[in-house]
Amino acid sequence: EEAEIPMTADEANAAIAQLLKDSAWAVATDNTTITRGQRADWLTFRQAIRDVPLQAGFPANIVWPTEPA
């Protein structure tokens with residue numbers, strides 16, 4: 001089994017930016033395709049993404065939040 005290569009801070013920050021960009025649709029105020037509860041789940045997910053750099057193992061050992069269903 002191949003060892004996982006740790007991310008650099010720049011790579012992790014790029015991944016964070018991409019995840020935020022990819023999930024922006026869910027929290028747009030004009031999005032009527034999801035429920036209020038689903039929107040709250042996405043807001044929580046996006047905050048967890050923004051908090052990734054605060055993790056003790058950042059950037060080498062990141063626990064990525066799970067995207068809402």
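Ring pairs join Trp25, Trp42 and Phe45 into a cluster. Rings of Phe, Tyr and Trp (its six-membered ring) pair if their centres lie within 6.5 Å; planes under 30 degrees apart are stacked, over 60 edge-to-face, and the rest tilted. The count comes to 2 aromatic pairs by this rule. In one of them, the ring centres of Trp42 and Phe45 lie 5.6 Å apart with planes at 90 degrees, so the pair is edge-to-face.

This is a predicted model: local features need pLDDT of at least 70, side-chain atom pairs count only at pLDDT 80 or more, and totals for chains, interfaces and linings use all residues. Residues are numbered from 1 along each chain as its sequence is written, and side-chain values use heavy atoms, without hydrogens and water.

Trp42 and Phe45 sit 3 residues apart in helix H2, about one turn of the helix. Helices are DSSP runs (H or I, at least four residues), numbered from the N terminus. Both Trp42 and Phe45 are buried. Buried means under 20% relative accessible area, exposed over 50%, partly exposed in between (1.4 Å probe, protein chains only).

Ser23 touches this pair. Beyond its neighbours within four places in sequence, Ser23 contacts Trp42, Phe45 and Arg46. Contact means heavy atoms within 4.5 Å. Ser23 counts as buried because its relative accessibility is 2%.

| Residue | Helix | Range |
|---|---|---|
| Ser23 | H1 | residues 9–27 |
| Trp42 | H2 | residues 36–50 |
| Phe45 | H2 | residues 36–50 |

The Ser23 side chain also reaches the backbone oxygen of Leu19 at 2.9 Å. Ile34 is 11 residues from Ser23 in sequence and 13 Å away in space, C-alpha to C-alpha.

How values were computed: Helix = DSSP H or I, 4+ residues; strand = E, 2+ residues; numbered from the N terminus. Polar contact = N/O pair within 3.5 Å; in protein donor to acceptor, adjacent residues only side chain to side chain.
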